[in-house]
Amino acid sequence: QERLAAFKPVCLRILPAYVRLPFHPFYWDEILDAANALGLPLIVDYEYNDEFFCNIPDISAQYPNVKFILIRQGCCQGRRILPLLQKRENVYFTIERMLDNLQLEEIEEKCGCDKLLFGSGYPERPHAGVLGLALYANITAENREKILCKNWEGMTK
C-alpha cells in the first residue's frame, strides 16, 4: 500500500481471468485493501459471469471506498445492472457495449447517469459507435457531460 501510494496512480486495473483467479476477496484482498485505503477506482477487466454477479454486491459493500468499474459489460443485462446502479454507490459501468440509445435513456430515467463512464473498447471496437451513442441519446446535456468526462474526473480527484 505504501509503494502504491508513492506512485500516486489514478486507478488500478486487474485482469482476474488472465491470472486465472476468481474475483473474490480471498484472492484479491491485498489489492482490494490498498484500493479501499487509497480510495482508488478499480477497473475490473473480466468476462463477467453469474458467479461474479453473485459476489459483487457483497464485495462492493465490503470495500466501500473502492470505485469498481466494470468495463465492456454491456448494459443490456438490465436485471443485473440496474440493481447495482441503484443500490451500490461504488459500482460503475462503461457504455461501449450498449446495444442502443434506449438503454442509456432507460438508465437515465431509472437511476441517473452518475455511474456511467465513457469507454470505447478500442481497439476491439471503433470509438465512433459509442461516441454516437453518447451524443445522440435523448438524455440531458448534463448527463451526457457526466458520461463523457465528469464522472471520471469526479472519481479521480
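Start by selecting Phe-23, Tyr-46, Tyr-48, Phe-52, Phe-53 and Phe-68: in this predicted model these residues make up one aromatic cluster. Across the whole structure, a search turns up eight aromatic pairs.

Next, turn to the charged side chains, where the count is seven salt bridges. Select Arg-13 and Asp-45, whose closest N and O atoms sit 2.3 Å apart in a salt bridge. This pair ties together distant parts of the chain, 32 residues apart: Arg-13 belongs to strand S1 (residues 12-14), while Asp-45 lies in the loop between strand S2 (41-44) and helix H3 (50-62). Is Asp-45 buried or exposed? Asp-45 is buried, since its relative accessible area is 9%, below the 20% cut-off.

Now move to Arg-80 and Asp-50, which form a salt bridge with an N to O distance of 1.9 Å. Here too distant parts of the chain are linked: Arg-80 is in helix H4 (residues 78-87) and Asp-50 is in helix H3, 30 residues apart. Colour by accessibility if you like, and you will find Arg-80 partly exposed, with a relative accessible area of 25%.

Glu-142 counts as exposed, at 54% relative accessibility.

Definitions and conventions. Residues numbered from 1 in each chain as written. Predicted model: local features only at pLDDT ≥ 70, side-chain atom pairs only at ≥ 80, totals over all residues. Heavy atoms only, no water. Phe/Tyr/Trp six-rings, centres within 6.5 Å; stacked < 30°, edge-to-face > 60°. Salt bridge = Lys/Arg side-chain N within 4 Å of Asp/Glu carboxyl O. Helix = DSSP H or I, 4+ residues; strand = E, 2+ residues; numbered from the N terminus. Buried < 20%, exposed > 50% of the residue type's maximum accessible area, 1.4 Å probe, protein only.
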